[in-house]
Structure formats: structure tokens, C-alpha cells
Amino acid sequence: MKIAHNILLLILIIICCSCEEVVQVDLQESSPRLVVEASIIWEKRSNGNSQIIYLTRTSPYFDSEISPAKDAIIEIVSSSGETFKFIEEDSGIYVNTNFLPELNKEYQLTIRYNNEIYSATESMIPVVDLEEVEQTLNGGFSGDDIELKAYFTDPAEISNYYLFKFFLDDISVQINDDEFTNGNRTFAYFSDEDLKVGDIVNFEIQGISGRFYEYLYILSSQAGENNGGPFQTQPTTVRGNIINETNPDNFAFGYFRLSQSDNLEYTIQ
């Protein structure tokens with residue numbers, strides 16, 4: 001009886017194993033598109049001469065490698081006629097070391113890649129100073145985490161948009177506008193349950209345009225609403241301000257923007 005039981009169990013295992021089938025997901029692949037990371041950041045108390053632009057190409061869904069966009073010709077021209085050429089120092093990494101930033105000045109980016117011309121126009125957006133950091137012990141969900149507030153004073157009577165970065169082990173990013181804080185002294189908030197005495201946290205504030213704020217807002221909204229499940233709604237394509245003048249249908253991803261920044265370092269007490 002025991003032998004018959006074992007034979008029956010073996011047959012059931014074979015049947016179950018034979019029912020397994022590998023499902024091949026056939027994803028439709030589109031032609032690679034250009035991806036532009038062109039953030040010209042002018043840190044206060046620096047000359048802002050050294051700037052970098054990164055070019056890559058989109059890759060298939062299951063391809064984890066980043067594909068650099070090589071052999072492009074890149075230049076930025078200011079509204080007063082200065083031309084700044086970016087030279088490829090490594091695959092897809094283009095550098096200029098004599099850039100001349102000027103607040104509120106308009107600049108035009110031109111990229112020539114694969115016999116197509118891409119362009120975008122933005123202005124250098126100024127930013128206020130970070131004034132001080134205040135530390136308390138009532139942050140986080142538990143109410144007893146270290147909480148940091150980086151204070152600044154928003155200029156009155158004009159609309160301002162900000163990008164904040166907090167550097168610890170990783171980078172935390174926030175965006176904000178002054179709809180409810182126009183002309184007031186306010187703060188950017190940061191809290192992390194892993195903060196401890198002696199940690200050094202770096203704060204950065206950047207001035208950004210309203211268009212770039214909206215672009216980041218849509219990206220962050222999609223990231224929050226779509227968690228990668230198999231039945232999630234396909235997010236819409238978020239296009240930046242870069243236009244393909246040769247073939248508009250072959251648009252690029254990414255954004256060209258120019259921001260002044262201020263930095264402040266704080267040691268946890």
C-alpha cells in the first residue's frame with residue numbers, strides 16, 4: 001500500500017511539473033529616442049564656468065544598460081551672442097569650461113545628432129539665499145525623528161518656483177512654488193529616521209522656471225500613481241522643452257534649464 005501511495009505521489013508531481021509553461025512577453029520596441037540631461041547650474045559664489053550635458057538613448061524595457069549618444073555637436077548661444085561649445089570628453093558626456101552665466105538672460109541650446117537638429121530655449125533663473133537650518137525632534141510618522149527646516153525668504157510680488165535637494169547618504173528632492181508663501185520667510189522640510197548626531201546634511205535650493213516646475217510635477221505625479229503593477233494604466237509621455245526641428249515626430253526626452261543655486265551645510269546636534 002505504501003509503494004502504491006509513493007507511485008501515486010510521483011505521478012502527481014510529474015503531472016504538476018508538466019503543466020508549467022514559460023510565457024514569453026513580446027513587447028513592441030520603438031526606435032531609440034534621444035534623452036537629454038541639460039541642467040546648467042550656477043552655484044552662488046562660483047563663476048559657473050564648468051558645465052556638463054549628458055546625452056543617452058532610450059533602451060528596450062528589459063535592457064538595463066545605459067546607451068550613450070555619441071558624436072553629437074552641442075552648443076549654447078546666449079541672447080547677446082556668446083557661443084559655448086560642449087566637447088565630448090567621454091561617451092555621451094559633453095563638457096564646457098568657459099560658460100558665462102548671467103541671471104535672467106536667455107540661452108538657446110542646439111544639438112546636432114544623427115543628422116537631426118534639436119533645440120530648446122530657457123532663461124537663467126535666480127534664487128534666494130538659504131539662511132539657516134533649524135533642528136527639532138518631532139518629525140516623521142513617529143513624531144520623535146530628527147526634523148530639519150532650511151529657511152529662506154521668498155521675494156514678494158513675483159511668482160517663484162524652487163527645487164530643493166537634501167544630501168545625506170542618498171539625495172532627496174522636493175519642488176515647491178510660492179502660491180501660499182509669496183513674500184514671506186518660509187522653509188524647506190527634511191526628516192529621516194536614520195539621522196543621528198554628527199551626521200552632515202547638505203541643503204541645496206535652485207530657482208526654476210514655471211514650465212520646468214510643471215514638468216517635474218507631472219513626472220512626480222505619475223511616479224506616485226503608477227507602481228509598476230501589471231494592470232497599471234500606462235502613463236502618458238511627458239515631453240520637455242526640447243524640440244526636434246528636423247523631424248518633430250522623433251522628439252527627445254529630457255529638459256534644458258538654467259538655475260542659480262545656493263548651498264548650506266548642517267551638522268546634526
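Colleague: Which side chains meet in a salt bridge at 3.3 Å, N to O?

Modeller: Those of K105 and E82. Keep in mind that this is a predicted model.

Colleague: Where do K105 and E82 sit in the chain?

Modeller: They link distant parts of the chain, 23 residues apart. K105 is in the loop between β6 (93-96) and β7 (106-113), and E82 is in the loop between β4 (73-78) and β5 (83-90).

Colleague: Is K105 buried or exposed?

Modeller: K105 counts as buried because its relative accessibility is 12%, and the cut-off for buried is under 20%. E82 is partly exposed, with a relative accessible area of 29%.

Colleague: Which network does that pair belong to?

Modeller: Salt bridges with shared partners join E82, E102 and K105 into one network.

Colleague: How many salt bridges are there by this rule?

Modeller: The count comes to 8, taking a side-chain nitrogen of Lys or Arg within 4 Å of a carboxyl oxygen of Asp or Glu.

Colleague: Which residue does D129 form a salt bridge with?

Modeller: K44, with the closest N and O atoms 2.5 Å apart.

Colleague: What about D199, which residue is its partner?

Modeller: D199 forms a salt bridge with K196, and their closest N and O atoms are 3.2 Å apart. D199 is buried, with a relative accessible area of 15%.

Colleague: Why would such side chains pair at all?

Modeller: In general, side chains of opposite charge can pair when their charged atoms come close.

Colleague: Changing topic. Where on the surface does negative charge gather?

Modeller: In a patch made by D169, D170, E193 and D194. Of these, D170 is in the loop between β11 (161-167) and β12 (171-177). D170 is exposed, with a relative accessible area of 62%.

Colleague: Why does D170 count as exposed?

Modeller: Because exposed means over 50% relative accessible area, and D170 has 62%.

Colleague: Now backbone angles. What is the phi of R45?

Modeller: R45 has a positive phi of about 70 degrees, although it is not a glycine. In general, most residues other than glycine have a negative phi. R45 lies in the loop between β1 and β2, and it counts as exposed at 67% relative accessibility.

Colleague: And what phi does E157 have?

Modeller: A positive one, about 70 degrees, and E157 is not a glycine either. E157 is found in the loop between β10 (145-153) and β11. At 76% relative accessibility, E157 counts as exposed.

Colleague: Last one, N241. What does its side chain reach?

Modeller: The side chain of N241 reaches the backbone oxygen of F256, at 2.9 Å.

Colleague: Where is N241 placed?

Modeller: N241 is in the loop between α2 (210-225) and β15 (243-244).

Colleague: Buried or exposed there?

Modeller: N241 counts as buried, at 5% relative accessibility.

Note on methods. Residues numbered from 1 in each chain as written. Predicted model: local features only at pLDDT ≥ 70, side-chain atom pairs only at ≥ 80, totals over all residues. Heavy atoms only, no water. Patch = residues over 30% accessible without salt bridge, like charges linked within 9 Å, V, L, I, M, F, W, Y side chains within 5 Å. Areas by Shrake-Rupley, 256 points an atom, 1.4 Å probe, with all protein chains shown as cover. Lys, Arg positive; Asp, Glu negative; His and termini not counted. Charge placed at Lys NZ, Arg CZ, Asp CG, Glu CD. Helix = DSSP H or I, 4+ residues; strand = E, 2+ residues; numbered from the N terminus. Buried < 20%, exposed > 50% of the residue type's maximum accessible area, 1.4 Å probe, protein only. Polar contact = N/O pair within 3.5 Å; in protein donor to acceptor, adjacent residues only side chain to side chain.
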